[in-house]
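Here is a short report for a first look at this protein. Start with the overview, then turn to the details.

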Amino acid sequence: MAAEKLRDLSQPIDVPLLDATVAAFYGTGSKEERSAADQILRDLQNNPDMWLQVMHILQNTQNLNTKFFALQVLEGVIKYRWNALPVEQRDGMKNFISDVIVQLSSNDASFRTERLYVNKLNIILVQILKHEWPTRWRSFIPDLVSAAKTSETICENCMAILKLLSEEVFDFSRGEMTQQKIKELKQSLNSEFQLIHELCLYVLSASQRTELIRATLSTLHAFLSWIPLGYIFESPLLETLLKFFPITAYRNLTLQCLTEVASLQFGNYYDVQYVKMYSIFVVQLQGILPLTTNIPEAYAHGSSEEQAFIQNLALFFTSFFKVHIRILETTQENISALLLGLEYLINISYVDDTEVFKVCLDYWNCLVSELFEPHRSLDNPAASANLMGLQVPSMLTGMVDGHGSQLLQRRQLYAGPMSKLRLLMICRMAKPEEVLIVEDENGNIVRETLKDNDVLVQYKIMRETLIYLSHLDHDDTEKQMLRKLSKQLSGEDWSWNNLNTLCWAIGSISGSMMEEQENRFLVMVIRDLLNLCEITKGKDNKAVIASNIMYVVGQYPRFLRAHWKFLKTVVNKLFEFMHETHPGVQDMACDTFLKIVQKCKRKFVITQVGENEPFVSELLSGLATTIADLEPHQIHSFYESVGHMIQAESDTHKRDEYLQRLMELPNNKWMEIIGQAHQNVDFLKDQDVIRTVLNIMQTNTSVASSLGTYFLPQITLIFLDMLNVYRMYSELISKSISEGGPFASRTSYVKLLRSVKRETLKLIETFLDKAEDQPQIGKQFVPPMMDPVLGDYARNVPDARESEVLSLFATIVNKYKAAMIEDVPRIFEAVFQCTLEMITKNFEDYPEHRLKFFSLLRAIATHCFPALIHLSSQQLKLVMDSIIWAFRHTERNIAETGLNLLLEMLKKFQASEFCNQFYRTYFLTIEQEIFAVLTDTFHKPGFKLHVLVLQHLFCLLEAGVITEPLWDAATNPLPYSSNAAFVREFTIKLLSTSFPNMTSAEVTQFVTGLFESTKDLSTFKTHIRDFLVQSKEFSAQDNKDLYAEEAAAQRERERQRMLSIPGLIAPSELQDEMVDS
């Protein structure tokens, strides 16, 4: 009954009853009561006349929640229906809100108690302003300013309103208002700013009231980024701000305002004022925070206000220096103020807080790259050589002109701070990705379980900064690192963290020194680290030192290649670490071993001076002991590494002998298992035996991945037995699933059997993929697999089919290309129909099979196209449907595979004699489907490929490749002049029905534009981008996917820049661009 009474809005609403309903909704009553109240409030909110009751409610209720409910209703009307309301209703509401605000903020008591309510009213007022001001409410700013002068509390609230207005117009307006409206509001604020400016200055000079001054400073902070510059620099504003800076209550707000001024960029007109502002600031700062203060300590024990002050200080210095550092490099006085600021910033950089450090690091990175860049661009070689710290022949030195000497002076000016910065970077170096051993929160040394992406990003920036610093002064970098290392040895500075950061820093500058200097430096570093390992006791300590030795040596392949003794010592040390059961040490030892072998493999197969045999032979003799303590996955990594060594041996006889010695352990085990199975086949069903078989397969795959073609003797040895085991396990799986129902596929036994099948397929695929083009290998291995692998796939129940079969045959087709044409019908027969049935039921099941199925189709379309032409039209329709199905998929990689496959098919059919027949059947379908995904925001990542497909289709029309009509003559008796004219009309119709919000003129213009720009891909693409934004499908969203190609080009340019600076891309990451001789 009560609910009905509330819903009747023909008379003023019963406010006490509404209060009770709101209370019930927020109350702790029963669930039913709450949901009934919720339903009533929703109905009221959706009633278009409810807003007319808002004034009545606000005047008659004391309940804050009810007031908020009423204002929520009002906010909806203002946002969506305001301009449609009659003038008197708009004015009435405007005046009512203004009056309530003035009334509540006119005395201190009500302003404090009703603060939340007033804040909400302020927001409502600003929402109204966005519609009314400036055209229909010209006097708003003058009214506001004159009201502010009547009382300090009203003034404080006016400041809050002005701040909200500034934020709405300048910060949050994107996507909320049209560009035209934003421009209009900005102009109004600018032209009326004088009044606001006078008010702010008046308050700051005359008021004693802390809250009001704080509110004014906060409002100024919002304004400073956009107000006309004269108001800042040609008025007493800056002096006033600097006066407030030393006062504790205002220093954070003032500092934020000064930071805003510091980050303005507009040429050098006000340089004098900036220098003056900075000088006064630095003097005052020494009074507040003397330079002798231990800032990290003060931060750790400070209140949140004090911590915020240090954060703001970092922001001020970095903002000021980023834009204006050059103006401080002029006189001696300015230089000393500048160096003082840098000193503060270095001290702040030691604060143990990620956010503060990020701010500082970001600036240090800018500064060092700015100091380093001009040295590379100096035009004459002598100057660059000189700056890079190289010796220059005396006849050239005269050529270093004024420009060069200026750069040198600038470098000398910063030499002091840069040296301190090197120490900072070394002390705070972030952990690189390769290091797996970390200290947990209890102070124990453990293996890292999760990668911390923030730390990795920080590491990249720090590494780049340190590389620049190293280039600026190699000697200082080396000296500081060696000094810190000797303190580790003497125990004066020993701690896990100190050693870690130092070694990470040493590893990170790899490649930045000249080879001679790098060699000298590393000899000392590695010698000291190995000594440290010997003299330090304690398992955890040893683990930390071990991880650091491994990290450093992994970063310097050039050094190891040049020094066999060190390389051998390091590898033997790694073997030692492989017996160290401390978590993470063995993993890291195996990772580092692999990394080093890949870069130095030739060194291990030649007999070095003073040795009796190549290292690889010595290693194989002690293989069993070396790997005795490793886990299976570590053994696989070890085997892969040795595979790389063997691959570097050019003598076939030796290579095969090494391979046979390497595989001796797994092969003996395999022979033993197969021998037992010949006597009793059930032996293979034992879980432990299955695990051993899996392990043997994985070991073989690891070696195949690094040995490639040379793995042939080994795979020939086990191939046929392996296929028999595959077939047997497959029958076991099918039997278990058909007997045990769908859940059987999830039992550990079936999972284990399937792992063996998958690993077998992976082994064959790895070998065939890595084997160099030797057709006889294909002839030898493909036919025997037809039945055990393909036939088995077709016979199995869907849950027992391995998706790896599809990827294996995709690899085979890609590898042996047209030689596979005769086998394609057999492949189709085995996998096509049955896989399609699995993946076309919905978009979710069998995700692996989906992706691999389309990859297989693409391989066949690319290399064995004639086989596709021989398909029946029914089968071809299935293929085309499945392709359309693929690119409709929201899973990015499946959609992309589908689109690539489609492009391949379109090109191949265009060149075949079935061109007309194919396009007559599929042209319009493909066009329609591509437009559907192109205009669907879920498919943004496929934009580049969608554009390529459309361009292909439109080019066909323009070039007249399709000679038969695409329209149906039976239903369209009127012939079109050409296919292009028909498709043009079809496209206009298609888009007009899909986008009723666009006029037919807009659609026609778009389609005409498409036909005109088919030849030029970038115009064509831009044209489509504009259409997507215009059609409102893509307006208020993040459209970075539409620009993915441009972003990729930018990344490539950045990589080229990094390659040009020695060390920026770590030598260990360069893909064999360093010759291993």
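## Surface and burial

Accessible areas here come from the Shrake-Rupley method with a 1.4 Å probe. The model is predicted. By that method, the protein has an accessible surface of about 48700 Å². Carbon and sulfur atoms hold 52% of that surface.

The protein has 1077 residues, and 52% of them count as buried.

## Overall build

The protein contains 54 helices and 2 strands. The C-alpha trace spans about 105 × 90 × 70 Å along the principal axes.

How do helix 2 and helix 5 pack? Helix 2 covers residues 15-26, and helix 5 covers residues 64-80. Their axes lie 9 Å apart, at an angle of about 100°. Angles of 65 to 115 degrees count as roughly perpendicular, so helix 2 and helix 5 are roughly perpendicular to each other.

Helix 2 brings Leu18, Asp19, Val22 and Tyr26 to the contact. Helix 5 brings Asn65, Thr66 and Phe69. The residues of this contact divide into 4 nonpolar, 2 polar and 1 charged.

## Confidence

The average pLDDT of the protein is 88. A score of at least 70 is reached by 95% of the residues.

Residues 378-400 stay under 50 in pLDDT. For this stretch, the model has 24 contacts beyond four places in sequence. Where pLDDT is low, the predicted coordinates should not be read in detail.

How values were computed
Residues are numbered from 1 along each chain as its sequence is written. This is a predicted model: local features need pLDDT of at least 70, side-chain atom pairs count only at pLDDT 80 or more; totals for chains, interfaces and linings use all residues. Side-chain values use heavy atoms; hydrogens and water are left out. Axes are lines fitted to C-alpha atoms, for helices over the stretch in contact, and angles run from 0 to 180 degrees between N-to-C directions. Helices (H or I, at least four residues) and strands (E, at least two) are DSSP runs, numbered from the N terminus. Angles under 35 degrees count as roughly parallel, over 145 as roughly antiparallel, 65 to 115 as roughly perpendicular and the rest as oblique. Contact means heavy atoms within 4.5 Å. Ala, Val, Leu, Ile, Met, Phe, Trp, Tyr, Cys and Pro count as nonpolar, Asp, Glu, Lys and Arg as charged, and the others, Gly among them, as polar. Buried means under 20% relative accessible area, exposed over 50%, partly exposed in between (1.4 Å probe, protein chains only). pLDDT is the predictor's confidence in each residue, from 0 to 100.
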